[in-house]
Amino acid sequence: MSIKKSLMWMGGAQVLSLVLQFASTIVLARYLSLHDAGIYAVALALVAVLALVQHLGLQALIVREEVLTPEISTTAFTINALISLALAGVIGAIATFGGAYLGDPGVQRALSVLAITPLFQIFIFLPAATLERHGQFKEIALVGTAATVCGTIATIVFVLLGYSYMSVPYAQWVNGGVNAVLMTIVGFHHVSFRIGFRAWRRIGDFGLQMLAVSGINSLSTRLSDIILARTLGLSALGLYSRASSLNGMIWTNVHLLIGRVMLVDYAVLYRSGTSLRSRYLQTVEIVTALLWPLFIGFAVIAKPFIFTVYGERWVGAAVPLALIMLGSAIQVAITMTWELFAATGQLRTQTRIEFIRSGVALGAFAIGCMISIEAAAAARVIDAIFALILYRPHLNRMTDTQLADFHGIYGRSLLLTLLACGPAGALSIAYGFAADIPPLYLGAAIAVGIGLWGGGLLVLRHPMLTELRRRPKTPAAS
């Protein structure tokens with residue numbers, strides 16, 4: 001499948017997923033207290049810390065491996081299955097015996113249910129990874145959409161039935177179960193339960209590099225949540241998690257979606273000896289033109305958005321949301337960082353960078369937690385700026401670019417961002433940055449901004465429009 005078709009299928013699925021996730025967050029915000037939201041957030045943080053062992057990047061290995069042998073597939077499946085079983089056992093043990101440490105019986109109950117979710121990966125892993133290797137994003141998109149729809153419906157039903165903070169853990173059973181069943185059916189040609197370790201050296205080397213990169217970043221993020229809960233309380237974590245989850249929905253459903261497709265393309269180009277310069281510059285231009293207006297736009301309307309959608313009791317999440325969105329906008333300037341390091345086989349270099357970055361980020365966040373939730377969120381901006389400084393030279397080296405190559409790209413994307421966010425910004429100023437801006441006015445300002453953004457794309461003859469209009473010739477993978 002071509003890059004354009006891959007992005008269209010995955011994009012359509014992710015848009016629907018984003019809408020459904022957003023709908024579920026509204027229901028959760030309306031029916032759950034700040035304390036209940038904090039219970040699930042801290043349980044999820046603990047699970048994520050334990051799940052660091054799943055960041056071996058086995059799916060990325062299947063995608064980027066030049067020659068995928070049965071030995072590699074079998075070993076990857078075996079290691080993934082063992083990790084999933086061990087993770088489920090450890091989470092279950094903590095839920096059973098760690099009540100005194102967890103500090104709240106609600107966290108204990110949530111963990112007991114979440115202990116089942118890693119087991120679904122045993123069935124999902126191999127068919128999903130192989131389908132992605134072959135660029136079958138249509139099938140992946142359809143399965144993911146079906147699982148998200150079922151999971152979202154389950155979340156809303158459980159909330160309305162009074163399951164409170166347990167609604168999301170139970171809904172994850174539904175999501176994982178549907179995903180496992182459908183992925184097994186759609187990718188039945190790639191399903192295998194053979195056990196073996198013949199390629200353990202190859203997988204171990206790649207996996208440890210991936211664990212070091214992804215694990216360090218994830219550990220820093222989840223430890224931050226736990227520090228915030230311990231320092232400012234579960235209610236503060238509930239507010240912060242509401243802000244970070246909104247940011248995460250955009251990052252996961254848009255940025256990481258593009259990254260999944262581009263990883264395949266970068267790997268193909270790199271294996272063929274083709275320079276990544278042209279493709280990367282094009283990627284940066286499209287991604288910044290799309291995501292800068294989105295992230296900055298949310299930062300501008302954070303307070304009235306939170307007030308209108310989630311209610312007055314969640315307004316405390318507005319400033320953290322604005323700061324976290326600003327940090328993400330800065331990170332978009334160095335988009336596709338992990339994808340480039342993975343495709344070019346330079347994950348050891350990224351590991352060293354992430355050690356430095358995560359240490360600084362965690363320290364800044366801990367200091368912020370001692371001050372306020374707003375100061376903790378501001379640490380995310382500091383982290384993004386530091387990452388920009390650390391990564392820029394390496395990105396230039398891998399893509400045969402220099403900083404001057406991005407000046408025009410950033411300038412055009414900044415202009416598009418001003419066009420998109422200007423009306424909403426002017427409205428916020430006119431109302432003194434109040435929370436209760438009339439939704440009709442806010443919606444009109446957003447619509448005008450989208451229209452100006454679209455007009456800017458036309459005037460600039462932006463590559464995004466060019467890509468949409470022409471028939472792509474580059475295959476995603478084979």
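Reading a predicted model

This is a predicted model. Just after helix 8, Gly-162 has a positive phi of about 95°.

Q: How do you know that helix 8 spans what is expected of its residues?
A: Helix 8 covers residues 137-160, which is 24 residues. Its first and last C-alpha atoms are 34 Å apart, close to the 34 Å expected at 1.5 Å a residue.

Q: Which residues of helix 8 are called buried?
A: Among them are Phe-137, Ile-140, Ala-141, Val-143, Thr-145 and Val-159. The term applies because buried means under 20% relative accessible area.

Q: Why is Arg-271 called partly exposed?
A: Its relative accessibility is 34%. Buried needs a value under 20% and exposed one over 50%, so a value in between is partly exposed. Arg-271 is placed in helix 11, residues 234-271.

Q: What makes the nonpolar surface patch of about 550 Å²?
A: Leu-82, Leu-85, Ile-195, Phe-197 and Trp-200 make it. They count because a patch takes residues with over 30% relative accessible area and no salt bridge, with nonpolar side chains joined within 5 Å. Of these residues, Leu-85 lies in helix 4, residues 70-97.

Q: Which residues have the most contacts inside the largest nonpolar core?
A: This core has 110 residues, and those with the most contacts inside it include Leu-228, Tyr-266, Phe-305 and Ile-306. Helix 11 gives the most to this core, with 17 residues. A second, separate core of 12 residues includes Phe-137, Ile-140, Ala-180 and Val-264.

How values were computed: Residues numbered from 1 in each chain as written. Predicted model: local features only at pLDDT ≥ 70, side-chain atom pairs only at ≥ 80, totals over all residues. Heavy atoms only, no water. Helix = DSSP H or I, 4+ residues; strand = E, 2+ residues; numbered from the N terminus. Buried < 20%, exposed > 50% of the residue type's maximum accessible area, 1.4 Å probe, protein only. Patch = residues over 30% accessible without salt bridge, like charges linked within 9 Å, V, L, I, M, F, W, Y side chains within 5 Å. Areas by Shrake-Rupley, 256 points an atom, 1.4 Å probe, with all protein chains shown as cover. Salt bridge = Lys/Arg side-chain N within 4 Å of Asp/Glu carboxyl O. Expected span 1.5 Å × (residues − 1). Core = buried A, V, L, I, M, F, W, Y, C linked by side-chain atoms within 4.5 Å.
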